[in-house]
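Subject: Handing over a structure, with notes

Dear colleague,

I am passing a structure on to you, and below it you will find my notes, which are meant for someone who has not seen it before. Please look through the structure first and then read on.

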Amino acid sequence: MRQRPFGGIGSSVPVIGQGTWFIERGRRASAVGALQRGLDLGMTHIDTAEMYGMGAAEEIVGEAIEGRRDEVFLVSKVLPANSSLKGTIAACEESLKRLRTDRLDCYLLHWRGKYRLDETAEAFERLKEAGKILSWGVSNFDEGDLEELRQTTGALPACNQVLYHLQERAAEHAVIPWCEAAGVAVVAYSPFGQNQFPAADSAGGRELIDIANARNACPRAVALAFLARRPSAFAIPKAVGPAHIVENAAAGDLELSDEEIARVDAAFPLGRRPQTLPML
Ligand code: NAP
């Protein structure tokens, strides 16, 4: 599993991690086992949020990482509605309880809400001083939001987590270049578009299969390797299916050639720049 620096925070993080949205919907034992298997395979970046299952996903993560906390790069998120100074601190403490840990590696603002960015950033800094979080970041921020954050707080987030998959490459227009120039990690969420992965009989699907076959890999791994091709990039697929976990982890060792990247790029064109950054 390849690792790389996560923004400016000095930690090395695996390029492929594990998402947890809707992980509480299946059998708890399967979900816990899936996350543990992912850890065994090196997918030690686990992404969760207070929003997911209204805390249920964090509880599953807490069970999965019991006794293995030091292996994990643990990320959770505060809801915009809770992102006041006091609300952020209280939300973090609740997340820590559900996760059965004393610290998060990175704590994110899930998306922008009504609270001022400097107020949320102040809460993050206080949590950092108290050792409850080691770093903080944002999610669903466009380049204007990022610039405003930098100007109002003088600080940079460790990461910006954005919607990014083969059929939704809007982040490449301005957000990813902004992050790269500033040294901010880009984390691709919904890297398979949830359930929108290109069908095997589509033109793009056939191209992925061709590339995958030549590399003794699978099409999903090719897609993840494409999304994580830049030095600032990470991807966090969610998987409970045992075979899915193995396939996704394999992407962490798959580095595409320039020619393979060009083929994926041609099969799934960037498209026009939308007016607003898409999000789920
Ligand atoms: P996703 O990872 O794009 O897709 C998840 C779906 O793909 C699941 O149905 C999963 O099935 C299936 N899958 C996974 N690996 C597979 C494989 N190798 N072959 C076939 N199917 C596979 O969707 P997502 O959960 O929306 O995104 C990933 C994570 O990003 C989330 O879980 C969450 O942590 C984060 N996220 C963040 C935001 C935000 O606003 N910051 C928004 C959305 C998501 P099984 O589970 O059955 O294996």
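Against which helices do the buried residues of α9 pack? They pack against α1 (28–40) and α8 (219–227), where contact means heavy atoms within 4.5 Å, and where helices (H or I, at least four residues) and strands (E, at least two) are DSSP runs, numbered from the N terminus.

Before I go further, please note that this is a predicted model, in which local features need pLDDT of at least 70 and side-chain atom pairs count only at pLDDT 80 or more, while totals for chains, interfaces and linings use all residues. Residues are numbered from 1 along each chain as its sequence is written, and side-chain values use heavy atoms, with hydrogens and water left out.

In helix α9 (residues 242–250), the buried residues are Ile245, Asn248 and Ala249; buried means under 20% relative accessible area, exposed over 50%, and partly exposed in between (1.4 Å probe, protein chains only). These residues lie on the same side of α9, because they cover an arc of only 100 degrees around the axis, the arc being that of the directions from the helix axis to the C-beta atoms.

Turning to the ligand, there are 27 residues around it, of which Asp47, Ser190, Phe192, Lys238 and His244 come nearest (a residue is near if one of its heavy atoms lies within 4 Å of the molecule). A backbone N or O atom of Thr20 lies 3.0 Å from a ligand oxygen atom, whereas a polar side-chain atom of Tyr52 is 3.4 Å from a nitrogen atom of the ligand, and an N or O atom in the side chain of Arg220 is 3.3 Å from a ligand nitrogen atom. Taken alone, the ligand exposes 910 Å², and the protein buries 89% of that (Shrake-Rupley method, 1.4 Å probe).

Two loop residues deserve a look. Arg100, in the loop between α3 (85–99) and β5 (106–109), has a positive phi of about 55 degrees although it is not a glycine, and at 47% relative accessibility it counts as partly exposed. Gln194, in the loop between β8 (185–189) and α7 (203–214), is likewise not a glycine and has a positive phi of about 60 degrees; its relative accessible area is 37%, so it is partly exposed.

Finally, strand β7 (residues 159–163) is largely enclosed by the rest of the structure, because five of its five residues are buried. Strand β6 (residues 136–139) pairs with β7 in the parallel sense over two bridges (pairing requires at least two DSSP bridges between the strands), and Ser139 stands opposite Gln161 in β7.

With best wishes

Note on methods
Polar contact = N/O pair within 3.5 Å; in protein donor to acceptor, adjacent residues only side chain to side chain.
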